[in-house]
Each structure stands twice: as C-alpha cells, then as structure tokens.
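Trainee: I am new to this structure and would like to learn how to read it step by step. Could we look at it together?

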Amino acid sequence: MYSEKLMEIYGLLYDRYGPQHWWPGDSRIEIIVGAILTQNTNWGNVEKAIANLKSAGCLTVQRLGEVDIATLSELIRPAGYYNIKARRLKNFMEWLNDQTPSGSLDAAEATVTELLREQLLTVKGIGPETADSILLYAFERCVFVVDTYTYRVLGRHGLLDHDNDYEQIRDLFESNLRRDAGLFNEYHALLVRLGKEHCRPKAKCAGCPLESLAPNAQWPACEV
DNA sequence: GACCAGGCACATC
DNA sequence: GATGTGCATGGT
C-alpha cells in the first residue's frame, strides 16, 4: 500500500514542480563538498562558500587535500560552522587519501554500495544523511536520502508513526519504490522543493500540491 | 530580535 | 538508549 501512496505523492510533486535537476554541482567533488557544507545550513550560504572555493581554485580533490585548514575555514565561512566543517572536509579528504595512493575517487567508485556506505559513516562528520547524499548524488547509487523535509512532509500527511528513525524511513522508500537511482534523485529533490515552498515550520501550507491526498492531516502534530 | 536553514558529535543522565 | 548542547552564517 505504501508503494502506491509513495508513487502518488511523487506524481503530484512532479506534476507541480517538474524535474529538479539535482544535485546542483558540476563535479563529483563539488557534490560531496556541498553535501558536507549544507548540514543544517541554508543552501544559499553553501553556494557562497562553494563560489569562494572555486575562485581560490580549491574545489578539486588535489587542492582540497593540500590546502591548510585555516585557509579552508576562511573560504567556507559563509556556510556557517566553518571550523567544524573545515575539519569534516579534511576528514573526508584524509579518508579518500587512505583509499588509494593517488587519493582519487576511483576506489570509492569501485566499492559496492553497502560497503561504501559503511566506510563513509566511519568518517567523522559524515552521518547518515550526508553519506546517503554522497552515495546517491555523487555516485548514483540506489540509496534514498532522508532529511528534515522528508520527516516533516511525511509526518504532516500522516505517513509516519511517531518514532520512526532515519533507517526506518529510508527503508520505507527503498522497499516500496522501484530501485532506480534516477527516481530516488528526483523524489528527494522534489520533497525538498515542497518543504521549502509549502511545508514550512509553524505554518499551514497554502496550495500544497499534496492537498488532495490528506490535507495537512497531522499538522502540527508531527512538527520537526 | 527571533527563527530558520537539505546534521553531526559529544556529554550527561 | 534518550535527551540536551555546541557549532555559526545569512536571509526573512
């Protein structure tokens, strides 16, 4: 029953918003950097940080490995939590460097999805959502990304029990959708779009694309 | 000025 | 295992 419900939601969102062309980023490393920088942070601020990295010529695997952490912090300052995130970027680069002598993304590319996920989660600063964003958007693996918007949208439409954790929600999508990275990509992006435009905290949705489904049934019981 | 934004690690109970 | 807190900028 979830399969049909989930595809119905997808259809409504896609009809309203169309393709979202995610992840916004020109290269694999840019996607990974963005995934770390956007932790609990507005994407607009991340874009500024990424622009800084680009103009400094630092948005490459090699330069990110070389640049000192103080410089890196300064470049990513607009993204907030810049000291912590600089450390996290460095942690990722060090992990990458441990994978192959050249420190390229090739070894990751050759690793099976479940193992790669486990390995990413060993990097300090990469939690489930960041790992899954990297897996789906940088490596096109069939992994569903669960974020704040996912909790809020599903919660408000009565599709969650009260204590669903990250893994349970990920499993809900992965078990009930056809295993298609393109679909997972678009679905998560559409949920974010919906969350930004129609599912804000402490505000009832007006003109929500999912209105026909179960109009704010749980509002605000499942507030996130 | 308060609240929010595409989390995560760590301390404490 | 659950709950609380620090991390920080920039837009509304």
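Trainee: What radius of gyration does chain A have, and what would a compact globule with 224 residues have?

Mentor: This is a predicted model, and in it chain A has a radius of gyration of 18 Å, which agrees with the value near 17 Å for a compact globule because that is what the rule gives for 224 residues. Along the principal axes, the C-alpha trace of chain A spans about 50 × 35 × 30 Å.

Trainee: What percentage of the residues in chain A is buried?

Mentor: A residue counts as buried if 20 or more other C-beta atoms lie within 10 Å of its own, and in chain A buried residues make up 31% of the 224. As for contacts between residues at least 6 apart in sequence, 65% of them join residues at least 24 apart.

Trainee: Which residues surround DNA strand C?

Mentor: Among them are Asn-40, Thr-41, Asn-42, Arg-77, Tyr-81, Tyr-82 and Ile-84. The elements that give two or more residues to this surface are α3 (43-55) and α6 (82-99), and α6 provides the largest share, with three residues.

Trainee: How many nonpolar, polar and charged residues does the surface near DNA strand C have?

Mentor: By class, that surface has seven polar residues, four nonpolar ones and one charged residue.

Technical notes
Residues numbered from 1 in each chain as written. Chains lettered and ligands numbered in written order. Predicted model: local features only at pLDDT ≥ 70, side-chain atom pairs only at ≥ 80, totals over all residues. Near = placed C-beta within 6 Å. Helix = DSSP H or I, 4+ residues; strand = E, 2+ residues; numbered from the N terminus. Nonpolar A, V, L, I, M, F, W, Y, C, P; charged D, E, K, R; others polar. Rg over C-alpha atoms; globule rule 2.2 N^0.38 Å. Buried ≥ 20, exposed ≤ 12 C-beta atoms within 10 Å, placed from the backbone. Contact = placed C-beta atoms within 7 Å.
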